[in-house]
Amino acid sequence: MNGAMVGCASGMPMYTKSSNTGVNVEAEVNLDEQNLGHAGALYQSDNFDDWWPPSGAMMWPGTFDNINDGTRDRLALFGEWESRINTQWLTLPGARCERVKTDAGNVRGYDQSTNGMGMMVNNQKKDAAAFNAQDRERTDNNRELTALAQPLRALYLVDGGRHEKLGR
């Protein structure tokens, strides 16, 4: 058919490659008999690629780059102060700061020269061009404050000091 690829390759291949690395560090410090300090840091880095090789019919002549060099990096710090203010109550105020940075490379449809024809009109070229024209790098800075006050009767000590929460 005028040099067009006809039919569909077996399996319609779609490939994904990803990696995740990171570290999570937490510390607990006994401040005195009634108070504990908790602090921690987390770093996580994710990389992701998703591509579809040409496989026939309208899925050709090039590779469809669905997600190209997608990245997500997360850095978080937290601190908490656990206090048993008396024999009946536990309080736990805390704070967390987090930065999440994402980015992605350029994408492309199977055929960069057209948006399809006839019954097979699609928006691969138009959508890829609109996506590629944008600044895809984003940074979110998240801050969170928490406070918990809880009756101690809801806590049960297990295994030499680890506590489990029961109830509502």
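**Close-up 1. Aspartate 69 in strand E3.** Aspartate 69 counts as partly exposed, at 45% relative accessibility (buried means under 20% relative accessible area, exposed over 50%, and partly exposed in between, with a 1.4 Å probe and protein chains only). The residue belongs to strand E3; strands (E, at least two residues) and helices (H or I, at least four) are DSSP runs numbered from the N terminus. Although aspartate 69 is not a glycine, its phi is positive, near 55 degrees. The model is predicted, so local features need pLDDT of at least 70 and side-chain atom pairs count only at pLDDT 80 or more, whereas totals for chains, interfaces and linings use all residues. Residues are numbered from 1 along each chain as its sequence is written, and side-chain values use heavy atoms, with hydrogens and water left out.

**Close-up 2. Glutamate 82 and its two side-chain partners.** Glutamate 82 is found in strand E3, which spans residues 64-83. With a relative accessible area of 7%, glutamate 82 is buried. Its side chain makes a polar contact with the side chain of histidine 38 at 3.0 Å (a polar contact is a pair of N or O atoms within 3.5 Å; within protein, one must be able to donate a hydrogen and the other to accept it, and residues adjacent in sequence count only if both atoms are side-chain atoms). Glutamate 82 also forms a salt bridge with arginine 84, the closest N and O atoms being 3.8 Å apart. A salt bridge is a side-chain nitrogen of Lys or Arg within 4 Å of a carboxyl oxygen of Asp or Glu, and by this rule the count comes to four. Arginine 84 is partly exposed, at 27% relative accessibility.

**Close-up 3. The salt bridge between glutamate 98 and arginine 74.** The side chains of these two residues meet at 2.6 Å, N to O. The pair links distant parts of the chain, 24 residues apart: glutamate 98 lies in strand E4 (residues 89-103) and arginine 74 in strand E3. Glutamate 98 is buried, its relative accessible area being 16%.

**Close-up 4. The salt bridge between glutamate 137 and lysine 101.** Here the N to O distance between the side chains is 3.6 Å. Glutamate 137 lies in the loop between helix H1 (124-133) and strand E5 (138-151), and lysine 101 lies in strand E4, so the pair ties together parts that are 36 residues apart in sequence. Glutamate 137 is partly exposed at 37% relative accessibility, and lysine 101 is partly exposed with a relative accessible area of 37%.

**Close-up 5. A nonpolar surface patch.** Val23, Val25, Tyr43 and Leu75 make a nonpolar surface patch of about 360 Å². Patches are made of residues with over 30% relative accessible area and no salt bridge; like charges are joined within 9 Å, and nonpolar side chains (Val, Leu, Ile, Met, Phe, Trp, Tyr) within 5 Å. Accessible areas come from the Shrake-Rupley method with a 1.4 Å probe; for residues, only the protein chains shown count as cover.

**Close-up 6. The surroundings of threonine 21.** Threonine 21 is placed in strand E1 and counts as partly exposed at 48% relative accessibility. Leaving aside neighbours within four places in sequence, threonine 21 is in contact with Tyr43, Gln44 and Ser45, where contact means heavy atoms within 4.5 Å. The C-alpha atoms of threonine 21 and aspartate 73 are separated by 9.7 Å, the two residues being 52 residues apart along the chain.
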